[in-house]
Amino acid sequence: MKLPPFDYACPATLSEAVQLLATHDGEAKAVAGGQSLVPMLAFRLAQPTLLVDLRKLADLRGIRISEKGVTLGAMVRWRDIEDDDRLDTAHPLLKAAIANVAHYQVRNRGTVGGSLAHADPAAEMPGIAITCDAEIAVVGKSGARVIQAADFFQGALTTALTPDEIIVEVRLPAWPKGRRWGFEEFARRRGDFAMAGAAGFYDQNDGKARNAHVGVIGVADRPLRLPSVEAALNGRIIDQAAIAAAEAATCAAVDPQDDIHASAAYRRALVGTMVERALKRAAARQ
Ligand SMILES: Cc1cc2nc3c(=O)[nH]c(=O)nc-3n(C[C@H](O)[C@H](O)[C@H](O)COP(=O)(O)OP(=O)(O)OC[C@H]3O[C@@H](n4cnc5c(N)ncnc54)[C@H](O)[C@@H]3O)c2cc1C
């Protein structure tokens, strides 16, 4: 289907981009990789009068790694993450999750900021943001603010962003050496959105798990963190019994809906299995 008509601007600075969004009263939209927005336009699910292209904003493109953690500029593409060898140690969970995003062509265009703002409940990056306690830095007409990932996702394709706000970067806390982690998802075909997925990690004290974080995607209207599953892991040796308890806690914690792809019961069992597999991988790491 042809796109609806719209005006186009390609500002050279962030303040100009914010200004353009702010003066169009919710009728303008940022465009980054266009991999979600362009289909939305084609299906008339969005009909902005102005597209504000962020591609000239070079400051939004870097990946910074420091003792505080990993900072991804909003215009970092999936491919930049895949190609950055530093992330193998600085954030292996992020790298493993992003390998599951779509196909090469989409990974070559799609961006971190676009994925967070689009807020697909089955998308990997929002799942990682929730699981890892990410901070999302944004700038709008009232200035800059930082939104915790836990407050950012408010429903399917719905976030805490106001129409004039642009995501600048996302900050993931530092990844200590020796952390155990796993990422698993199930999709009907390679590159499809996940029917369900799970990310998890924990640190260890005397062989027992502490600081467990578990998040899931594809089973609700937003990515979910699962505190009851984390409680089932913390303070325990992560053996088969602990993993089985975490799987059962996962199935009890989620409430998926029937849809055209799967029944609620199937998806509930599937996400339990994803958590089980992710934790088995985590426990098997040296
Ligand atoms: C065939 C196909 C398969 C896909 N499979 C997957 C998958 O398996 N997993 C997955 O996670 N994704 C998948 N995607 C989506 C892909 O990852 C998108 O690239 C991503 O969701 C959006 O990023 P984008 O840069 O393309 O954003 P755009 O499409 O440009 O924008 C998306 C939305 O974000 C807003 N936006 C963009 N940047 C900013 C910013 N910096 N600040 C504020 N708002 C902003 C736009 O206004 C728009 O509302 C798939 C896409 C396609 C076409």
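Analyst: The largest cavity is lined by Glu124, Gly127, Ile128, Phe183, Gly197, Ala198, Ala199, Gly215, Val216 and Ile217. This is a predicted model, in which local features need pLDDT of at least 70 and side-chain atom pairs count only at pLDDT 80 or more, while totals for chains, interfaces and linings use all residues. Residues are numbered from 1 along each chain as its sequence is written, and side-chain values use heavy atoms, with hydrogens and water left out.

User: How is a cavity found, and what volume does the largest cavity have here?

Analyst: Rolling a probe the size of a water molecule over the atoms shows where empty space is left. A cavity is a set of points, on a 1 Å grid over the protein atoms alone, where a 1.4 Å probe fits but cannot get out, and lining residues have an atom within 4 Å of a point. Grid points are joined across faces, edges and corners, and a volume is the space filled by probe spheres set on the points. The count comes to 1 cavity of 30 Å³ or more, and the largest cavity has a volume of about 40 Å³.

User: Is Thr159 buried or exposed?

Analyst: Buried means under 20% relative accessible area, exposed over 50%, and partly exposed in between, with a 1.4 Å probe and protein chains only. Thr159 is buried because its relative accessible area is 14%.

User: What about Arg281, and which residues does Arg281 contact?

Analyst: Arg281 counts as partly exposed, at 47% relative accessibility. Contact means heavy atoms within 4.5 Å, and, leaving aside neighbours within four places in sequence, Arg281 is in contact with Trp181, Gly182 and Glu184.

Definitions and conventions: On a 1 Å grid over the protein atoms alone, a cavity is a set of points where a 1.4 Å probe fits but cannot get out, and a pocket is an open set with protein on both sides within 12 Å along at least five of seven lines; lining residues have an atom within 4 Å of a point.
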